[in-house]
Every structure is written in structure tokens, then in C-alpha cells.
Amino acid sequence: MRDKVAANQQPWVGSWNLMLAARRANLGATPSPREIVIRGGEGENFWVMITDMMRAYHLALRWKISGDEAYAKDAVRFLNAWSSTLKQLAGNSNRYLASGLYGNQWANAAELMRTYSGWAKDDVARFQNMLLTVFYPECHAFLTNHNGTEIRKVTHYWANWDLANVCSMYAIGVFCDRPDIVAEASSYYRHGRGCGSHGNNVYAIHPGYLGQWQESHRDQGHSTLGIALAGMLCEMAWNQGEDLYGLWNNRLLAGAEYVAKTNVLVGPPPTYTAYPMPFIPYSGVHGSSTSVSGGENSRPCWELILNHYVGRLGMSAPWTLEMVKKQRPERVDGGDSPGLGSLFYLRDPVPPAKPSGLSAVLNDGKVLMSWWGSADATQYAVQRSRSASGPFTNIAQVSDPRTYTDAPGPGTWYYRVSAITGLGERVGADTLRVAVPGELWLHLPLNGTADDLSGNGRHAVLMEGATWGVGRNGTSCVQFDGRRAHVRLPDGVVEALGDFTVAMWVYCDNTGLSSRFFDFGSNDVSYMGLTPRESAVPSLMRFMSTRNQFWMPSPLAAPTPPNGRWIHVALTLAGTMGRLYVDGAQVASSPEIWMAPYQFGHTTHNWLGRSQYRGDPFFKGRMQDFRIYSGALTPAAIADLAR
């Protein structure tokens, strides 16, 4: 930053000038510390802290960039005034926004001053103590209890509440030299149940890796705040040697591209128009939505995203780039995040990368592909072969979105993507195999062995009292005692599937409410499962699928199977069309099954006979010949399995 400003280079100096124009970096202001800061409810005064926090941050930056010690002394004056005064964050639930949004920026301002010899060690320690005793406990309390909703409905709070507190916790851990706190923040972002974890803040992935943001149906102000907060978290982690940006195939970039495209409006106001956005219906605590919210938001949060994925990694991010073009140089944000990304984050770019992150799944019987592009690509060549080693034939040229749907004949096919650039063709990093119209993915006979006979090595394990019992036609089967017995399938067992089929023989002894034939997920927020007897309508067997703890009542339901005899049960999904079969005959269908298996990612709780919910009963009965196929089997094929 110092070098670019000294050289008067744009857009760095433009962002620098916007910081100076905000007048938070001027000398001579007087700190206004409070013993109690209130956000939410009577007596709110949090804006006083925002002003002084921004002064400390901007003064620290001005010292670092200009080298003028007067700004360091003033920054320390604000840091010391607050650390010697602040004792408590108060208010209603909004105090958790204060602990997150402001704890993060206080810690980052202090980190800038860490190398200033004029900040006394005792004063540094007192500031660390303020962060550890005033801010961190509130962050920890929120992320572990969510203001009392942790068990009831953890998804009550939107993504930015989680993200603010994870950011604060991570920043506090860094400045206070507490790797345990850093690890706590990282673990929540990786594995947390709330809406802000990396798996939940992007609700669904659309073709071309447009990631529907969890708050996109709410409004664009909060959606862009989520991008700003997630970006700050990932940038702090990157500086600590931890890559959170790349989780789940660059999931943050997918969310950023979706939010950016939503906010790129075409034409002059008031006649501008928005791009039509794909949207999977969302139902939660705050109601249901079937479309993205409208309007344009100018929050300065895009340079950070662009610099990492395009500048550091050489990928393409066309919609993020469009937002940067609209905003560069980035201004100061209003207190929820620092802004100033053109100054903070922009770096000289690396050479463009190969296309990467290719996915290829069956979708309504066709091969649906998406990939990440190259920074300099003008088009992409989609290529197909009968062999992984080629030769490959071009079957399409694609620009944006980076997706293509192929309809090859039956057989095993291999796909790759090449970038077309001004310097020639750049072959992609991935080659993927797809069998059309599908193939056996997993086969557990469960007749004395839990080994996978498909040849794919997806072996299962009998758990907590599951035993072998008497099966069909004198064979053996797995016996579930209804107490703790279940079968565990491998992690990520269905993560590469779009269209799919699940089929099994079951014998129900007692179909407890909300017990499960199968349940694939990682927690009680994100899962897909089949219950033989749902709690809401006990007379129905129902397929349930959710990415936010609320499974919308699915039309894919059929009468509860009888107790006391063997029946064959099968489920198929082709595109969004789901079908249920009992004893080889279709008993239900629905065209509104929105979440295919790949939307759930690398699931870690994949069970037969057990629910993601601790309070749900375990299945009591027997099971045999459990199968998963890629692709939706035909009714005739299902009937053959039921014989």
C-alpha cells in the first residue's frame, strides 16, 4: 500500500484519498469511550464506538502508509482510551452484531499497531484483555447458543450474524496470540450448523457455479455484507497460512458471483433492469421465498474477492469484476466493514490459470457440467472422449455462464474443458468420467457382509448393536434393534451424484415416528432422508430434503409401509422429478425435489436406520440388498429389483 500510494498509482491512491476524505484519519479528535456499549433496545450508543473504532483503524493505516508517527500516537490514544474504559456490550440480541462487527475491526486496528514501539506493552496487554473479556465471550456465546435457538432452530439467525462473530473471533485470536481461539473460529466456519458456515451461507449451487446466497431473497444490503464478512475472514486465514477461500470447490466465489450478478443492473436509472437469477425456493424461520430480492447495493466488498481468485489464483470471476468496475476505487464502508478494498487488497496479478474445478453430474438424464474459468479466456471448448487418455473431440464452445449440458448416447464418457485465449488453448486441470444413463454406485447385500459389491470400495460398517438376522428366502440380513443400531456408510458417498436411485428391501417391526430408512447429511441442518412414518402425518412415508433445517413438506409421500412383512422400497430422482416405489410399483411422484445429492457436498453422517436428529427414534426392523445408482432407474428396472 505504501509503495503504490507513494507512486501515485490508481486505484490505490484513489481509495487512499477516499479514506482521507472520510476525515476519520485526521489528527486532534478526542476519544469518547463508554463503559457500556448498547446495540438494540433502550439507550443505544453503539455509533459512538463505531466512530472511534474507525478513527483508530484509519489513523493506524495513515501511520503505516505515510510513516508519520503523529498518526501512530493518535491511534494509540484511541486504543488506550477504550481498553481502559469499556467493560460490557449490552442491548437485545443485536449486541451480538456489536461483538462481531466491531470486535473484528478493533482487533485489526490493533494488529496494525502491534509493531509500533510507542505502544507500551502494558497497554497492548490491556487492549488484548478488553478483546478477550468483552468481545470474545459474546462471540463464543452466540456461536454456541445462538441466543437460545441452537437446539430449537439454529437457522433463525441469518448468515451475516454468524460471519460477523466468526470474523471477530478469528481476529481476536490472531491479535491476542491465541491459536485456540483461531482454531475455534476456523472450525465453526468449516463445520458449524448455523447459516454462516461455509456450507450453509451458500444455499445452493446453480449451473456455472452461481451460488445462491443464504440472504439473497432477503435484501442485497445484507447479502453484500455477507460477502464482505466472509471475504475478511478468508483473507485473515490466508495471512495465517490457512486456505478457507478454497473450501468446497471455492464455494465463497460461487456465492460472490451470484450476489455480484444480482447487483449488476443494466441501463440508466430508473429504467435499469436486473439479470434474471436462478433461484431454488427457500423456506425458513422468516417465511418462504421463491425469488431473489431486487435492487442494487453499492457496498464496497468486491476488490478483496477479485484479488484472491483472479489476482492470486488466475481464475475468472466475471460478475465480481463487473462490480469492481462499477465501484473502483472502493470507498470507506459505514462501519459494518472497513471497505477501501482498492487500497487494502489489490495486488499485481499472477498469470492466468487453467480451467479447474470441473463437475459433471447426470441431470434429467443428461450430463450437466460446470467449471471455474481462466482470467484471460474468451471462450471455453467443451471436449468429450471415450477414453480418459483421449483423443478428445470438441463438442461445444461456451462463454458465460461456464456450464454446458451434453446429451451423449449410452456409454462411459470422459469430459474436459479447455480455455480459448489470445495465446492459444489452455487445457483444463480436470478430466471426469460419467456413465450414461447411469451405473451401480454402491451395493450392500447386507446378507452377512457390509462390503460394497459394486467394485467401488464404498464399504459400510454395522454400528452400536446392529447384528445379522434372518432375511428373505432363508438368507441373512442386518437387524436394527430400534435403540442405537444403525449402519454407517462412507463419508461423501453421494457427493458426486445428481440423478440417483436408492433401492432396498426392508422389514418393519415398528415404524417409529420420524425414524429413517436412510439419512445422508452432516448434521440436522443439511440432509436428505426417507422416513417410513413422518411425525406431521403419521400415515405417510416421506422423502425429506433440506439445506437449512426446514424441509418444506414434500409432495413425495406415500402411505406408511406395513409392519411384519418384507417390502421393496425405491426412490429415484431425475432433474427435479422424484418418484417413490413400493414393491415395484410407483406410489408417489413430485416435480419439486430441488436438492440433488451433490448439493449436500462431502457428507459425514450417512446412515441406514438413523436420523440426523438426536430425538428421533432409530429404525426397528431389518434391511437387505441396499443399492445406490447414479441415474434414475426406469420403472421396469425398479420392478426387476422388487422381484
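This is a predicted model: local features need pLDDT of at least 70, side-chain atom pairs count only at pLDDT 80 or more; totals for chains, interfaces and linings use all residues.
Residues are numbered from 1 along each chain as its sequence is written, and side-chain values use heavy atoms, with hydrogens and water left out. Helices (H or I, at least four residues) and strands (E, at least two) are DSSP runs numbered from the N terminus.

**Helix packing**

- Axes are lines fitted to C-alpha atoms, for helices over the stretch in contact, with angles running from 0 to 180 degrees between N-to-C directions.
- The axes of helix H3 and helix H4 (residues 69–83) lie 8 Å apart at an angle of about 150°, and the two helices are therefore roughly antiparallel (angles over 145 degrees count as roughly antiparallel, under 35 as roughly parallel, 65 to 115 as roughly perpendicular and the rest as oblique).
- The crossing of H3 and H4 is left-handed, a term used when the near helix is turned anticlockwise from the far one by less than a right angle.
- Contact means heavy atoms within 4.5 Å, and the residues that make the contact between H3 and H4 include Met-49, Asp-52 and Ala-56 of H3 and Phe-78, Leu-79 and Trp-82 of H4.
- The residues of the contact of H3 with H4 divide into 12 nonpolar, 1 polar and 5 charged, where Ala, Val, Leu, Ile, Met, Phe, Trp, Tyr, Cys and Pro count as nonpolar, Asp, Glu, Lys and Arg as charged, and the others, Gly among them, as polar.
- Helix H5 (residues 95–113) and helix H8 (residues 159–175) have axes that come within 7 Å and cross at roughly 30°; H5 and H8 are therefore roughly parallel to each other, and their crossing is left-handed.
- The residues of the contact of H5 with H8 divide into 12 nonpolar, 8 polar and 1 charged.

**Nonpolar cores**

- A nonpolar core is a set of buried Ala, Val, Leu, Ile, Met, Phe, Trp, Tyr and Cys residues joined through side-chain atoms within 4.5 Å, and buried means under 20% relative accessible area, with exposed over 50% and partly exposed in between (1.4 Å probe, protein chains only).
- The largest nonpolar core has 169 residues, and those with the most contacts inside it are Trp-106, Phe-135 and Phe-626; its largest share, 13 residues, comes from helix H3 (residues 46–66).

**Helix H12**

- Helix H12 (residues 302–312) is mostly covered, with 10 of its 11 residues buried, among them Trp-302, Leu-306, His-308 and Tyr-309.
- What covers the buried residues of H12 includes helix H10 (220–239), helix H11 (247–263), helix H13 (318–327) and helix H14 (341–344).
- Just after H12, Gly-314 takes a positive phi of about 75°.

**Backbone details**

- The peptide bond from Gln-10 to Pro-11 is cis, with omega near 5°, and Pro-11 is placed in the loop between helix H1 (2–6) and helix H2 (12–21).
- Arg-328 and Pro-329 are also joined by a cis peptide bond, with omega about 0°, and Pro-329 is found in the loop between H13 and H14.
- Leu-340, in the loop between H13 and H14, has a positive phi near 60° although it is a residue other than glycine, and it counts as buried at 0% relative accessibility.
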